[in-house]
Amino acid sequence: MPAPPASGIDRRLFLSSLVGVTAAAAGLSGCAGSSAAADKASANAPLAKKVPAGTSLQISSYQNFQELQLKLAGLDDLPFEVGEWLNIGAGPDVINAFRSKSLDLANNAGIPPIQAHYQGFEAKIVAINITRRPNYLFATRPGGDIRTTADFRGKRLAFSQGQAQGVVLLRALKEAGLEFDEAELVPLTSNQFLTALQSGQVDVAPLAHSQAPSYLKQYGAKGARTIPTEVVDLLNLLWAPEPVLADRAKAAAVAAYIPYWAKGQVWQYEHPDEWNREFYVKTQNLTPAQAEAITELANKPLFPPSWAEAIAWEQETADLLAEGGFVKKFDVGGLFDRRFEAIAAGAVPEEYRR
């Protein structure tokens, strides 16, 4: 599918297609409004100290990552039932699953909660892991002549507004001194990036470090290359829909899950050889050398007792998107459920608290 020219992108049409809010949502009754108010009140209630028997959560586990991590770490004795580990990872897919009530809790970056709010779907951040090193780099199409981010001017760039890769791209453009309209932002989701690069639909796409080795192995000889970036996507987070957090039993299960989530990341960081072998080699079909190269770039997990830095970064990200006309300006403070603020930090050793 040919990409639209930069000057011809109808941003309003693009945004409305992403929003996808049904007409039925506009016709909420007064009764539904009362129910929503009750949900908000429940969402501010103190967390239960114990998970009620029979409580179940549907949790995202893209490529079996989360489930495998907990199993290898010996942390699979969760104090509630997991109805299903869903193979969902991309922000837009998570939002759709939240809307359909098939998913209760997900692990994402900072931008999906902003996108969900813009779409009119309210969900809250319940845990934060700060990432200090870049998780992404830029890959060029085979045969391209791009070597630095300054070369992005006039090029077709894969852009996902609702995902971490999107904000990394916008921040990289800003650092390179380029306006957003000086390049052609081609609207795609991250699971379309590799195909778009391979076919020449885009000139550049942000890829996770774990994706780069196999891409270069296949296309490096044909002129594809990668361009490192120092742009950091600061937040790795857990988030859940407001109705889930307004349910006392489910909120207690979410609170109980957070220490497992935090400890699982610490275990992965401290056991790179086992993780490389069991995840990257056995499930992602990478070589041991490729797995080791990825692990060397891994972030040390950091769980802040205070979310002040995370909120400031999230506000800066939302303002950047508003500056580009992708969302409306708003106060991101409402995206954080601070009842959960200290839980992750309290579950890990001092060296993993920021």
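Trainee: Axes are lines fitted to C-alpha atoms, for helices over the stretch in contact, with angles taken between N-to-C directions. With that settled, within what distance do the axes of helix H6 and H13 come, and at what angle do they cross?

Mentor: Please keep in mind that this is a predicted model. In it, the axes of H6 (residues 164–175) and H13 come within 11 Å and cross at roughly 75 degrees. Angles of 65 to 115 degrees count as roughly perpendicular, so H6 is roughly perpendicular to H13.

Trainee: Which residues in H6 meet which in H13?

Mentor: H6 contributes Val167, Leu170, Arg171 and Lys174, and these meet Trp313, Glu316, Thr317, Leu320, Leu321 and Glu323 of H13.

Trainee: What covers the buried residues of H11?

Mentor: The cover includes H3, H10 and H12. The buried residues of H11 are Trp275, Asn276, Glu278, Phe279 and Tyr280.

Trainee: On to H12, then. Which of its residues are buried?

Mentor: Gln290, Ala291 and Ile294 are the buried residues of H12, which spans residues 288–296. They lie on the same side of H12, because the arc they cover around the axis is only 100 degrees. These buried residues pack against helix H8 (212–219) and helix H11 (272–281).

Trainee: What does the face turned away from the buried side carry?

Mentor: That face of H12 carries Pro288, Ala289 and Glu296, which are exposed.

Trainee: What about Leu302: where does it lie, and is it buried or exposed?

Mentor: Leu302 is in the loop that connects H12 with helix H13 (308–323). Its relative accessibility is 14%, and buried means under 20%, so Leu302 counts as buried.

Trainee: Which residues is Leu302 in contact with, leaving aside its neighbours within four places in sequence?

Mentor: With those neighbours set aside, Leu302 is in contact with Ile128, Asn129, Ile130, Arg132, Glu351, Tyr352 and Arg354.

Trainee: Changing topic to strands. In what order do the strands of the open sheet stand?

Mentor: The open sheet has 3 strands in the order S3-S10-S4, and the pairing is antiparallel. S3 (106–109) and S4 (123–130) are the edge strands; each has a single partner strand, so one side of each is left without a neighbour in the sheet. On average, neighbouring strands of this sheet are turned by 35 degrees against each other, direction ignored.

Trainee: Over how many bridges do S4 and S10 pair?

Mentor: S4 and S10 (residues 235–241) pair over 7 bridges, in the antiparallel sense. At one of these positions, Ala123 has Pro241 of S10 as its bridge partner.

Trainee: And S5: how many of its residues are buried?

Mentor: In S5 (residues 136–140), 5 of 5 residues are buried. Tyr136, Phe138 and Thr140 point one way from the strand, while Leu137 and Ala139 point the other way.

Trainee: Which strand do 5 bridges join to S5, and which pairs with S5 over 2 bridges?

Mentor: The 5 bridges join S5 to S8 (residues 204–208), and the two run antiparallel. In that pairing, Tyr136 has Ala208 of S8 as its bridge partner. The 2 bridges are with S9 (residues 226–227), again in the antiparallel sense, and there Phe138 stands opposite Ile227.

Trainee: Finally, the whole protein: what does its secondary structure come to, and what share of its residues is buried?

Mentor: The protein has 13 helices and 10 strands, and 51% of its 354 residues are buried. Of the contacts between residues at least 6 apart in sequence, 82% join residues at least 24 apart.

Note on methods: Residues numbered from 1 in each chain as written. Predicted model: local features only at pLDDT ≥ 70, side-chain atom pairs only at ≥ 80, totals over all residues. Heavy atoms only, no water. Pairing = 2+ DSSP bridges. Helix = DSSP H or I, 4+ residues; strand = E, 2+ residues; numbered from the N terminus. Axes fitted to C-alpha atoms, helices over the stretch in contact; angles between N-to-C directions. Buried < 20%, exposed > 50% of the residue type's maximum accessible area, 1.4 Å probe, protein only. Arc of directions from axis to C-beta. Contact = heavy atoms within 4.5 Å. Parallel < 35°, antiparallel > 145°, perpendicular 65-115°, else oblique.
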